[in-house]
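Reader: Before we go through this model together, could you set out the terms as they come up and keep each answer tied to the coordinates?

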Amino acid sequence: MTEFRSLFHSELNQLEVLLLDMSELAEVQINNAVEALLQGDAELAHQVVLGDREIDRLYVEVERRWHEVMARQTPVASDLRLMSLILQAGHSLERMGDQASNIAKIVEATSTLPTNRTILLHIREMRSIVVPMVETAMEALVKRDLNLALRLPELDDPADWLNRNMWKEVAACASNPEMLEWAVHMMLVSRALERVGDRAVDIGEQVAFLLTGEQHEFPEGWVPAPGSA
Amino acid sequence: MTTVGKPEVNEKKRVDLNVPMETTTGPALETFAMEAVGLSAYYGEFRAVRDVNLSFRDRQITALIGPSGCGKTTLLRTLNRMNDLVQGARAEGEVRFHGQNIFDASVDPVELRKRVGMVFQKPNPFPKTIYQNVAWGARINGMKQDLDALVEHSLRQAALWDEVKDKLDESGYSLSGGQQQRLCIARAIAVKPEIILMDEPTSALDPVATLRIEELIQELKVNYTIIIVTHNMQQAARASDHTVFLNMDSDRAGYVVESGTTGTLFTRPARQETEDYITGRFG
């Protein structure tokens, strides 16, 4: 096959590479933010807050190039759908970086308060769910793998469940006002991790749109229509 | 005295999400102005277009796109039997217009071309005045009506009246390229066609004149069915309601790969062949 738009398609590839850079950084940032919480490591938390600037910088670069490509190349069909994915996935990854930064700031703000082991285990488990979800979403993109993208809602379920039940653990800390203050902050951490999972599902939906041309939020049991693009 | 009253509330029109975007400006009921059925076009032994089955929607803009040599122009020129004028050209199959096959012996091609007008790639005004250019078709067809009113009406519809109303006696050649093309559109409109065929009508025009013609086409579709051949895919995407993609076989016979609403064809084409062509991966 002859390629008549090699410059344009090379620009699209570069945008995808930027997304992958963002996702790798986002994963590291989320891991480190939770690690700082588990270890009570204020220095690591500070590094995470500073590290968010790099994700923001990459996102600004994605947006700048995205606008240039749109203005100059007028993409259509699967190229247009990929452009849509790049912008939305870029935004999702940038927000994941923000969530990591928010967790790190909570670590700094609660460093003098007593902690609760059960809640920490809950949060560690949530991390072990949502960080691989980000990896799975990006793998689905790189491999153009619809089945992998479709698995994301199911991977997200345990994270949602843990987040919904976090309040019970927080309520169990009610007898100790200082620990309760810390635990209430942990609800925010739980919520931030749950949002990371949701963002990974969003990226999966974008991958499904790229591959099928069908625009859907993943409901329970969604499968693309037969013969879709 | 000015009365200060309650400010009017600018209520935004609600968008009906159940209606696809590209059909919101179309007629309420889908009707077809013309249909090609099993249409093939030949130049001598060479088959330029094979087995075309297409329905052109009434008062909508249909764009024909495809690589050079795929038979877009041949197909267009077959729709009003303009190709009859080319030696060795012939057609098989049918083109139905008002229920009649235009290739029937009883059909007068001159009468057909009056009802299915054509605008060409290069503006081709006659070496006459602006007025005479527009009035010409009506005169030779013996149309008995107020020619001044017809000329004004046609020039207004072609969005040219304001620019030429004070110089109707000047030569058509005195106009710019874009104005000349609008003059040719006014000339086509003056004989009151139902369908206007346009063969790359902006390929000889600058970008501003091109956009002006595209705007004009949008206005014209209220009254006319428009079928336009364009090499410019972005023009098809901008200006048409429906798009037909043609490709050609190894024997260079053009065929229809896919047709559909322009919005769908340019976002999620059904055929890989279309996807490859419009994304520039054509081979």
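Author: A salt bridge here is a side-chain nitrogen of Lys or Arg within 4 Å of a carboxyl oxygen of Asp or Glu. This is a predicted model, in which local features need pLDDT of at least 70, side-chain atom pairs count only at pLDDT 80 or more, and totals for chains, interfaces and linings use all residues. Residues are numbered from 1 along each chain as its sequence is written, chains are lettered from A and ligands numbered from 1 in the order in which they are written, and side-chain values use heavy atoms, with hydrogens and water left out.

Reader: How many salt bridges does a search of the whole structure find over all chains?

Author: The search covers the whole structure and takes in all chains. Among the pairs in chain A is R65(A) with E61(A), whose closest N and O atoms are 2.9 Å apart. Over all chains, the number of salt bridges found is 26.

Reader: Which residues are linked with R65(A) in a network of salt bridges?

Author: R65(A) and E61(A) are 4 residues apart in helix α2 (residues 42-73) of chain A, and are therefore separated by about one helical turn; helices (H or I, at least four residues) and strands (E, at least two) are DSSP runs, numbered from the N terminus. R65(A) is partly exposed at a relative accessible area of 27%, where buried means under 20% relative accessible area, exposed over 50%, and partly exposed in between (1.4 Å probe, protein chains only). The residues linked with R65(A) in the network are E61(A), R64(A), E68(A) and R72(A).

Reader: In the salt bridge of E111(B) and K114(B), is K114(B) buried or exposed?

Author: The side chains of E111(B) and K114(B) meet at 3.5 Å, N to O, and both residues lie in helix α2 (residues 109-115) of chain B, 3 residues apart, about one turn of the helix. E111(B) has 36% relative accessibility and counts as partly exposed. K114(B), at 19% relative accessibility, counts as buried.

Reader: What is the N to O distance in the salt bridge of R156(B) and E152(B)?

Author: R156(B) and E152(B) both lie in helix α4 (residues 147-157) of chain B, 4 residues apart, about one turn of the helix. R156(B) counts as partly exposed at 47% relative accessibility, and E152(B) counts as partly exposed at 28%. Their side chains meet in a salt bridge with an N to O distance of 2.9 Å.

Reader: Which residue of chain A forms a salt bridge with R281(B)?

Author: Chain B and chain A bury about 1,300 Å² between them, 52% of it on carbon and sulfur atoms, buried area being the accessible area (1.4 Å probe) that two parts lose on being put together, summed over both. In chain B, R268(B), T279(B) and R281(B) lose the most area to chain A, together 38% of what that side buries. Across this interface the rule finds 1 salt bridge, in which the closest N and O atoms are 3.2 Å apart and the partner of R281(B) is D79(A).

Reader: How many residues does the contact take from chain A?

Author: Contact means heavy atoms within 4.5 Å. Under that rule, chain B contributes 13 residues. From chain A, the contact takes 16 residues.

Reader: Why is strand β3 of chain B described as largely enclosed by the rest of the structure?

Author: I61(B), A63(B) and I65(B) point one way from β3(B), while T62(B) and L64(B) point the other way, and all are buried. The strand β3(B) pairs in the parallel sense over 4 bridges with strand β8 (residues 225-229) of chain B, two strands counting as paired if DSSP finds at least two bridges between them. It also pairs in the parallel sense over 4 bridges with strand β9 (residues 242-248) of chain B. β3(B), residues 61-65, is largely enclosed because its buried residues number 5 of the 5.

Reader: Which residue of β9(B) stands opposite I65(B)?

Author: On the β8(B) side, L64(B) has V229(B) as its bridge partner. In β9(B), the residue opposite I65(B) is F245(B).
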